[in-house]
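Thanks for coming, everyone. Let me put the structure up, and then I'll walk you through it.

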Amino acid sequence: MPDSTEIAIVGAGIGGLVTALALHKSGYTPVLHESAAQLGELGVGINLLPHAVRVLTNLGLQDRLLEAGIATSELLYFNKHGQKIWREPRGLEAGYDWPQISIHRGKLHGILLDEVRQRLGSDAVLTGHHLRSLDLEGARTSLDFTIRGDAEKVSVCKADLVIGADGIHSTVRAHFYPDEGPPIWNGAILWRGICQSECFLSGRSMFMAGHANQKFVCYPVSGEHFRQGGSLTNWVAELRFDPDKPFRREDWNRKSDPSTFLPDFRNWIFDWLDIPALVKATPEIWEYPMVDREPVPQWSFGPVTLLGDAGHPMYPIGSNGASQAILDAEALVNALDAHNSIDDALRAYETERREPTAAIVRSNRGQGPEQVMQLVEERAPGGFDDLDQVISNDELEAIAARYKRLAGFDRESLNRRASP
Ligand SMILES: Cc1cc2nc3c(=O)[nH]c(=O)nc-3n(C[C@H](O)[C@H](O)[C@H](O)COP(=O)(O)OP(=O)(O)OC[C@H]3O[C@@H](n4cnc5c(N)ncnc54)[C@H](O)[C@@H]3O)c2cc1C
């Protein structure tokens, strides 16, 4: 595609910002339109798997990410009694050429935003621009924005290519799927927080404990705290309820109270970590329902396409939400570089990304790699003396390997991929 192609990205979240950086590296000058009037450091912890870190490394970001986050060295699964079911090395320790990075989502977002403004110019991100509608009539797509804080004020822009990176409540997606309705809730609620704590396990470990109906996920997100002998610890407590009950619309900024879930975890005091104490030491707690959407049969309509959560909102299982948005960005820009028409490029992008991400959405509904905890709960709810009697190592290894292949980060094929 010629460099002069006018590209509008709707949404300056993780996917939109990485797409802008990749487009800029290929010579394009996209403009980002972001609904939020101000972009603060929102969210809690997020994980970047080696295949996504590979993309970010090629964009020259690895050093900044490692400075702000931490290179995760291992992933462990435990039962609800704190007994170990599975351990696997992660990132460099697992032989990948790129680390797995755990990081505060707000810090990641802040780094990407700063890089976009430095490289593309301070006016590359138009904040307070909430997309209301789009019109595909004519050669160029017309985008209609409400300016935040001034409901009467409207801004219209035209573009040759529109990338809908506007997240789980995507207006771009709703334009093509007007009857889709709200995201689908599976009955689970997540409570999330970050607090300072002592190091646990290796100090760079991510662990999950429990089973499908009650789970605790925990990992450090700061290398600086680790180097000083402590931990800035991100945690997620999960409980399952009746999915037929109404739930409150998902919002990453809804505050909550530990009394709503902590009683269910009161006995989760393991000899290697006291979970109730960790929750009590957390200054702010947020609540989020576990939601996704049914995969759609088409992402691209003329010169408009979807990317990241707008295309494939998935349960936050297997550390894939941000990573898959980053892989989308790379695939889309590679396709634009390789083709002379927008139609051909979007077809190639969609062929590469739509089905594989739909498979991850479906696998995450079946608990993804975390299903091993549920298997152990069903077979040994009271705990075990000998794990081999409950589940074999072969079975554990097969489940872990299958998910890595599905999500595109099995070590051999990833390390073989040439960098551009
Ligand atoms: C504030 C916030 C906090 C989050 N915190 C976490 C977290 O702690 N842990 C975690 O795992 N995931 C978190 N997520 C989700 C995570 O960022 C995404 O699942 C993943 O990174 C995929 O990125 P994305 O760019 O597709 O979507 P997002 O990162 O959700 O970005 C979408 C962007 O589009 C903007 N937008 C939405 N509608 C419009 C519109 N009509 N017009 C213009 N712009 C629009 C949104 O404001 C947002 O900036 C958070 C998302 C947000 C928005």
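**Helices, sheets and the ligand shell**

Let's start with a pair of helices. Helix 1 and helix 8 pack at an angle of about 30°, and their axes are 9 Å apart. A word on terms. Helices (H or I, at least four residues) and strands (E, at least two) are DSSP runs, numbered from the N terminus. Axes are lines fitted to C-alpha atoms, for helices over the stretch in contact, and angles run from 0 to 180 degrees between N-to-C directions.

Two notes on the source. This is a predicted model: local features need pLDDT of at least 70, side-chain atom pairs count only at pLDDT 80 or more, and totals for chains, interfaces and linings use all residues. Residues are numbered from 1 along each chain as its sequence is written.

Back to the pair. Helix 1 and helix 8 are therefore roughly parallel to each other. The cut-offs: angles under 35 degrees count as roughly parallel, over 145 as roughly antiparallel, 65 to 115 as roughly perpendicular, and the rest as oblique. Helix 1 passes helix 8 in a right-handed crossing. A crossing is right-handed if the near helix is turned clockwise from the far one by less than a right angle, and left-handed if anticlockwise.

Who meets whom? On helix 1, the residues in contact are Ile14, Gly15, Val18, Thr19, Ala22 and Leu23. Their partners in helix 8 include Ala322, Ala325, Ile326 and Asp328. Contact here is C-beta atoms, placed from the backbone, within 7 Å. By class, this contact has ten nonpolar, two polar and two charged residues. Ala, Val, Leu, Ile, Met, Phe, Trp, Tyr, Cys and Pro count as nonpolar, Asp, Glu, Lys and Arg as charged, and the others, Gly among them, as polar.

Helix 8 has another partner, helix 9 (residues 342-365). Here the angle is about 160°, with the axes 7 Å apart. Helix 8 and helix 9 are therefore roughly antiparallel to each other. This crossing, too, is right-handed. From helix 8, Gln324, Asp328 and Ala331 are among the residues that take part; from helix 9, Ala345, Tyr349 and Arg353 are among them. The contact of helix 8 with helix 9 has nine nonpolar, two polar and three charged residues.

Now the ligand. Which residues come nearest? Of the 31 residues around the ligand, they are Gly11, Gly13, Gly43, Gly167 and Gly308. Near means a C-beta atom, placed from the backbone, within 6 Å. Helix 1 (14-25), strand 9 (129-135) and helix 8 (321-338) each give two or more residues to this shell. The shell divides into 14 nonpolar, 13 polar and four charged residues.

Strand 9 takes us to a sheet. Three strands form it, open, in the order 9-10-11, with antiparallel pairing. Strands pair if DSSP finds at least two bridges between them. Strand 9 and strand 11 (150-159) each have a single partner strand, so one side of each is left without a neighbour in the sheet. The twist averages 25° from one strand to the next. Six bridges join strand 9 and strand 10 (residues 141-147). One of them pairs His130 with Thr146. Another pairs Leu131 with Phe145. Five residues separate the two strands in a hairpin, and Gly138 in the turn has a positive phi of about 80°.

Last, an open sheet of eight strands, in the order 6-5-14-15-16-13-20-17, with mixed pairing. Strand 6 (84-89) and strand 17 (255-256) stand at its edges. Strand 17 runs antiparallel to strand 20 (residues 285-292), with two bridges.

Notes:
Two residues are in contact if their C-beta atoms, placed from the backbone, lie within 7 Å.
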